[in-house]
Amino acid sequence: MQILVVKDYDAMSQQASHLIAQEMKKNPCAVLGLATGSTPIGTYKELIRMYREEHLDFSRITTFNLDEYAGLDTSHPNSYSYYMRVEFFDHINIKKENTHIPDGKIKDLNMCCRYYDQSIEQAGGIDFQLLGIGPNGHIAFIEPDEALSVHTNIVTLTKETIAANSRFFSSPDEVPRQAISMGVGSILQARKIVLLANGVGKAQAIKNLLASDKVSTQIPASFLYLHPQATIIVDEAAYSLVL
Ligand code: PGA
């Protein structure tokens, strides 16, 4: 696992967007795995700037998002579907039919999970997967547990994640208790993986992750140690407890 320590959030976003743009220029039909949350917003902003000012072309790009809250309609302002439109897709020339986010409102969530992994496979697999990390070490909504699912599945959010994500909702009670999330196997099949972490709120998670090279289901991000092309871009604040 390669670790890049950069000064701050802007430097992290610059670096991540540069790597994504590089991937897209090498392969204009690339399949990108995308993340939500506050971490990648700067990366998306920079990619939007590159689209506007440097003609970065998304017309043949396909995307798959990591996760979605169960029970939220795509029009709900807290759904990841809504987030992706507002923060990214509405501002670039991506074809909406090439963007994929699990459907949190579908009746048969299990079928949605199976169908999601099949769709990734049919698209040829993910070339470049962008990840954030939760304060509890989760990636996507793969929460620390005794065992982790390999495939896309329905997950129950931990108290820590509900607390961390409640900042986007009017109260913690409104945060959905379940979500659909890609599994560890779905993520590890990506050809390249870049995990972003910024701010002191992630310092303990980064310290726990880098404290040893052991893979632990209690630190889902540690599974990235098994990947041949995984990079962590971390700012100085998130790296501060490692030094
Ligand atoms: P954040 O979430 O980007 O909002 O900090 C990251 C995560 O929980 O994976």
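The model is predicted, so local features need pLDDT of at least 70 and side-chain atom pairs count only at pLDDT 80 or more, while totals for chains, interfaces and linings use all residues. Residues are numbered from 1 along each chain as its sequence is written, and side-chain values use heavy atoms, with hydrogens and water left out.

**Ligand shell**
- The residues around the ligand (a heavy atom within 4 Å) are G37, S38, T39, G132, I133, G134, H138, R167 and K202.
- By class, this shell holds 6 polar, 2 charged and 1 nonpolar residues; Gly counts as polar, and Asp, Glu, Lys and Arg as charged.

**Polar contacts (N or O pairs within 3.5 Å)**
- A polar side-chain atom of H138 is 2.7 Å from a ligand oxygen atom.
- For R167, a side-chain N or O atom lies 2.8 Å from an oxygen atom of the ligand.
- S38 places a backbone N or O atom 2.9 Å from an oxygen atom of the ligand.
- Of the 280 Å² of accessible area that the ligand has on its own, the protein covers 87% (Shrake-Rupley method, 1.4 Å probe).

**Pocket**
- The ligand sits in the largest pocket, with "sits in" meaning that more than half of its atoms lie within 2 Å of the grid points.
- A pocket is an open set of points on a 1 Å grid where a 1.4 Å probe fits, with protein on both sides within 12 Å along at least five of seven lines; lining residues have an atom within 4 Å of a point.
- The largest pocket has a volume of about 630 Å³, taken as the space filled by probe spheres set on the points.
- Its lining has 36 residues, of which T36, G37, S38, R167 and F168 lie nearest the centre.

Methods: Polar contact = N/O pair within 3.5 Å; in protein donor to acceptor, adjacent residues only side chain to side chain.
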